[in-house]
Structure formats: C-alpha cells, structure tokens
Amino acid sequence: MTIQFLGAARTTTGSMYLITVNGKQILMECGLYQGKRSESIERNLHFTFDPSKVDAAILSHAHIDHCGNLPNLYKQGFRGNIYCTHGTQDLAAILLQDSAHIQESDAEYVSKVRARNHEGPIDPLYTREDAEKVVRQFVALGYDRPIMVCEGVTLRFIDAGHILGSAQIVLDITENGKSFRYLFTGDVGRSGDPILRDPEGVADVDYLHIESTYGNRLHDSKGADADDQVAAIVKDVFLRKGKVIVPAFAVGRTQQIVWAVNKLLRSKELQPVPVFVDSPLAVNATEVYRLHPECFNKEIYDFLMGEGNPFEAPNVSYIRDVMQSKKLNALKGPLMIISASGMAEAGRILHHLRNNIGDPNNMVLFMGYCAEHTLGAKIRGGMNPVNIFGESQAVRAQIASVDSLSGHADKNELIAHVGRVRGNLRKIFVTHGEEEQALPFAETLRKLRPGAEVIVPVKGQIETI
C-alpha cells in the first residue's frame, strides 16, 4: 500500500490523500485549496491523478477544505462511491451547493472584468448541477458500522467530535497476506464540546495519520467558561443599547453561539435582546443539526428529548430573505447579529460590519480562528481603518474575541487523543498544520511514541506502508 499526500501537507487547506492498495485507488478527502487566487485556481482545477481511475472516496467531514472539490472530481470523471456518515452527507449537500454558487458567481464576475479587456469568459470550477450530482454518489454509514469498500479494505467511522457528523477513518487492510490497521483522525475535536460528543479512542492501530492545526498552541478554557466570557463581554454593550456583531462560521460555530445564548437567557444571565442569525447557509445547517441527535453530547440530547430544539428561543430569529437582512440595518440596539463568514471575507457579515463598525456603542465579537490576511484577522489585529467593499471604514466599535469555542483540539488535547490511540504504532504521519504547528508537534510525538517513525510529509510525497 502507498499513500500520496496531495493536500494539507504542511498547510491546513485542501486535504487530499490518495491510497493505492490491492490494485485499487481510494481517495481520502477531496478538499478545496484556499489561498491566493492564481494558485488556488491551478491547484483546484488540476488533479495529479486521473479521477476516472479512482475506485472510491472516503470523507471525514463536511468542511469545504475537506470535501469542497468533490464536484470537480465528478466533473472530471469520478463515478465511485463516496463514503461518509449520515450527518456529513446532509451537511455536505448544502455546503457543496453553496460552494458551487460561489464558484459560479466568481466566474461571472471575472468574466465581466475580462470582457472589458476584450478577453474571453472563464468557466466556474464546477456548477450547482455538478454539486447535486456528486451528492448522489454518497453512501452514508452510522458510526462503528464496518463496510468493505474494495478488496482487502474494510472501513469504519469513529466519532471525531469536530463538527456534526465528523469522523475518524479506520481502515483495516489485508494485502499480500499482511494485515494492519490505518487510522486517519481527520480533524480532531475537543473534549467537553458544548454540543458534540467527545472524540473516541481507537485500539490496535499500526499506522496513525493525525492533524496538527494547533499542534504547538494551547486554547483558552471551554464549555461553561465560554458562556461566562460571552455574558461578561456583551452585557455592557446591551446596557448602552449597542449592537453585537458576530462573524461566525455557518457550520458549528453558529450553533454553538445560539446554544450559549439560549442557556444564558434561560439562566437570566442575559437580558432577552433580539438575536438574528443572518445567513441562509447557517439556517440550513442548523436545521440539519436538529436531525442528528446521534452526534449530541448528553446535555444537548436530553434537552432535545425533554424540552425541545436547543437552537430555538423566543428572541432568536433566523433570516433567509435578503430584504429581511437589509431591514436589520434600520433596527436600534440592543441586539445581536450572527452572520457568515467567520473570517469576514464574504457574505452578509460584510454589510453588517460596514454599517456598524464605526459606532463606538457597538461591538464586533470574534468567536474563532481568522486566517492571516483575512478581514477578520485585520480587525482583530487592530488595523484601523479597514477596507470593506472597496471603501475605507474607521473602526470605532469595540473589538473582542473568545477563542475557547475552537472546534480543533489544541496541543495538549491532541496529545491526549494520541494517548487514546492504542497499538504498536510503526509510523505516524502529521498533516493539516502549518509548519510552525506541524513540525513541533512531530517532535512532541517522537518523545511520546519513541518506537514510531514520525513523518511530516510535503505535498506530493509518497509513503509505502
């Protein structure tokens, strides 16, 4: 068996790993590479293998950097099964449609610019039709339900606790009379997540393939402490009748924030101010969350079964229609607006920032990671003024952040997860982390598992099992 590391090697984007075993090709993950436009177009458009020759694909979870290039894989000839959990199937269906819409809109915009220069139009990376068709190839499995994906390869999903439906991929492989177990962790969540179950351990592992997003960093505390932080931060804003603008990822972070606000309102820690979730994608994702209690921790599960939908409250409104979104601009505080994207790079959040970032009574509250050079990172870093829709905007609103709701395990939590992996590890592959995270984490692993060879592959590297 060989595995070729085609993405998320010494970076955190574009996850893609091609396994060749018993004469078959299995693609683990097919994520969009997100970076500079020219590099992103080239890497996403062209595969280094023939998609029509891939026999099956396996997906750990529905984030776009893990599944976002599947429609292009289909477009270029892939017709095999795509194995994932039920939650991942439902989330990926809406996320891929949203991604396809963005691809089409970007192509239309660039084509208009090219037309002014007497240049021809460009095609989108893929269309909504491609996205719809590739979802037909999904084969959804429950956790811990083994299935043979090709000769000598049995797949089983184990909860990863990262987002709804996220899973670790366990491959039990027999080749040339030799049997071994390969574990790909996908993105590892954090124990004590406000909504999801904890990541589970796996026994009898021979080869470990682990992420390292925060392999050299520690997070703030989590859970109830995050609720207390949110309450303390926003209380003063509401008292002065200001607005709290929250850039939030549509999947995972939005649901965490709504649940935190729900609990704070029920405990009387917050006054019942209006809360608006202004993102069609977040609205759709929240509906999917409600349908998958198999992913919930005991607190959320008991609430769902005993009291109702944890993501609903009398003061929480979900906004789909663009006209309703525009009407939010005329409302007076106190209120909270939760809107995508989490890094403030696109979507309705840009309109809310433009309309509210100049008022000192307001607050922009970041609840997660913002990649370098994004608008969110610039605002968090204190840049003033900032550029929004091509116009300079003075930053007078208060800027705050709560990092304890990260969906990725930090260094200590990754170490704890490796402790839950049992077996005589022969090799450990460290991916999905920038070099300043992946390389130090690899050194940590060499001390933790001295009997294992620890490898931090570069893009294109092929390793033999």
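**Entry 1: terms and overall shape**

I start with a term: helices (H or I, at least four residues) and strands (E, at least two) are DSSP runs, numbered from the N terminus. I also note that this is a predicted model.

I counted the elements next. The protein chain has 14 helices and 22 strands. Then I checked the radius of gyration. For 465 residues, a compact globule would have a value near 23 Å, and the protein chain has 22 Å, so the two agree. The C-alpha trace spans about 70 × 60 × 40 Å along its principal axes.

Of the 465 residues, 56% are buried.

**Entry 2: nonpolar cores**

In soluble globular proteins, nonpolar side chains tend to be buried together. I looked for such groups here. The largest nonpolar core has 109 residues. Which members touch the most other members of this core? They are Met28, Leu91, Leu171 and Tyr182.

I took leucine 171 and listed its contacts, leaving aside neighbours within four places in sequence. Leucine 171 is in contact with Ile19, Met28, Ile58, Val153, Thr154, Leu155, Phe180, Arg181 and Tyr182.

**Entry 3: isoleucine 64**

Isoleucine 64 sits in helix H2, which covers residues 64-67. Is isoleucine 64 buried or exposed? Its relative accessibility is 18%, and buried means under 20%, so isoleucine 64 counts as buried.

Leaving out residues up to four places away in sequence, isoleucine 64 touches Gly31, Leu32, Gln34, Leu95, Leu96 and Ser99. I checked one of these partners further. Glycine 31 is 33 residues from isoleucine 64 along the chain, yet their C-alpha atoms are separated by 5.9 Å.

**Entry 4: aromatic rings**

A pair of aromatic rings is described by the distance of the centres and the angle of the planes. I found nine aromatic pairs.

I looked at phenylalanine 180 and tyrosine 207. Their ring centres are 5.5 Å apart and their planes stand at 80°; over 60 degrees counts as edge-to-face, so this pair is edge-to-face. The pair links distant parts of the chain, 27 residues apart. Phenylalanine 180 belongs to strand S10 (residues 178-184), and tyrosine 207 to strand S11 (residues 207-211). Phenylalanine 180 is buried at 4% relative accessibility. Tyrosine 207 is buried too, at 6%.

I then turned to tyrosine 289 and phenylalanine 311. Their ring centres are 6.0 Å apart and their planes are at 90°, so they are edge-to-face. This pair also links distant parts of the chain, 22 residues apart. Tyrosine 289 is in helix H8 (residues 280-290). Phenylalanine 311 is in the loop between helix H9 (298-306) and strand S14 (316-319). Tyrosine 289 is buried, with a relative accessible area of 1%. Phenylalanine 311 is buried at 1% as well.

I also noted a group of rings. Phe5, Tyr17, Tyr182, Phe184 and Phe429 form one aromatic cluster. Tyr182 was on my core list too.

Arginine 43 lies over the face of tyrosine 33, at 3.9 Å from the ring centre.

**Entry 5: backbone details**

Proline 334 is in the loop between helix H10 (322-327) and strand S15 (335-339).

I found another cis bond, from asparagine 384 to proline 385, with omega near 0°. Proline 385 lies in the loop between helix H12 (375-380) and strand S17 (386-388).

I looked up positive phi values next. Histidine 118 is not a glycine, yet its phi is positive, about 60°. Where does histidine 118 lie? Its place is the loop between helix H4 (86-116) and helix H5 (128-135). With a relative accessible area of 77%, histidine 118 is exposed.

Asparagine 176 has a positive phi as well, near 55°. Asparagine 176 is in the loop between strand S9 (167-175) and S10. At 77% relative accessibility, asparagine 176 counts as exposed; the cut-off for exposed is over 50%.

Definitions and conventions: Residues are numbered from 1 along each chain as its sequence is written. Side-chain values use heavy atoms; hydrogens and water are left out. A nonpolar core is a set of buried Ala, Val, Leu, Ile, Met, Phe, Trp, Tyr and Cys residues joined through side-chain atoms within 4.5 Å. Buried means under 20% relative accessible area, exposed over 50%, partly exposed in between (1.4 Å probe, protein chains only). Contact means heavy atoms within 4.5 Å. Rings of Phe, Tyr and Trp (its six-membered ring) pair if their centres lie within 6.5 Å; planes under 30 degrees apart count as stacked, over 60 as edge-to-face and the rest as tilted. A charge sits over a ring if NZ of Lys or CZ of Arg is within 6 Å of the ring centre and within 35 degrees of the ring normal. The radius of gyration is taken over C-alpha atoms; the globule rule is 2.2 Å times the number of residues to the power 0.38.
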